[in-house]
Amino acid sequence: ELKKQVKFTKEQVVELDKKVHSRLWKGDTDAITATLLGKATTLAKQNTLGLTAFRPQKPQALEGVMELPFSIIVTGSFMAVQRMAHALEDKNNNVALRFLQVASADSATSNVMATINLSAYKEVIVPKTTQPTTRARKQ
């Protein structure tokens, strides 16, 4: 029974590892940033939002991955902000929505200003180190 559980657990780990790796970005950080800026710009236009800011934050090294956080500020209707946030969360975008703050932009209109914080996770390839070999000297 225990062997069956160990085998099942190992299979689950392999499956989860595949899912995680499919969500990681590969390549250059600048290229990832440019891609996400393009997606944010497109989504803002599609939802008739004003893209006020797109700010890359300081990357953070985590175990086996590099977190690339971004802050996006948009203005427009609440429903448009909600649609954009939902679209950003789409699994094909490979980002995690970490924070969404919505505030009234001004009292004269029903527009809001939203800060959207999201993170992309980049695969970090750790070079394999080779163990130095030691040879015994002949005397």
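## Thr33 in helix α2

Thr33 lies in helix α2 (residues 29–46) of this predicted model; helices are DSSP runs of H or I with at least four residues, strands are runs of E with at least two, and both are numbered from the N terminus. Thr33 counts as buried because its relative accessibility is 17%; buried means under 20% relative accessible area, exposed over 50%, and partly exposed in between (1.4 Å probe, protein chains only). Leaving aside residues up to four places away in sequence, Thr33 touches Phe54, Pro56 and Phe70, where contact means heavy atoms within 4.5 Å.

## Arg83 and Asn47

Arg83 belongs to helix α3 and, at 46% relative accessibility, counts as partly exposed. Its side chain makes a polar contact of 3.1 Å with the side chain of Asn47. A polar contact is a pair of N or O atoms within 3.5 Å; within protein, one must be able to donate a hydrogen and the other to accept it, and residues adjacent in sequence count only if both atoms are side-chain atoms. Arg83 and Asn47 are 36 residues apart along the chain, and their C-alpha atoms are separated by 7.2 Å.

## Model confidence

The protein chain has an average pLDDT of 86, and 85% of the residues score at least 70; pLDDT is the predictor's confidence in each residue, from 0 to 100. Confidence is lowest in helix α1 (residues 2–22), with a mean of 77, and highest in strand β1 (residues 50–56), at 96.

Residues are numbered from 1 along each chain as its sequence is written, and side-chain values use heavy atoms, with hydrogens and water left out. In this predicted model, local features need pLDDT of at least 70 and side-chain atom pairs count only at pLDDT 80 or more, whereas totals for chains, interfaces and linings use all residues.
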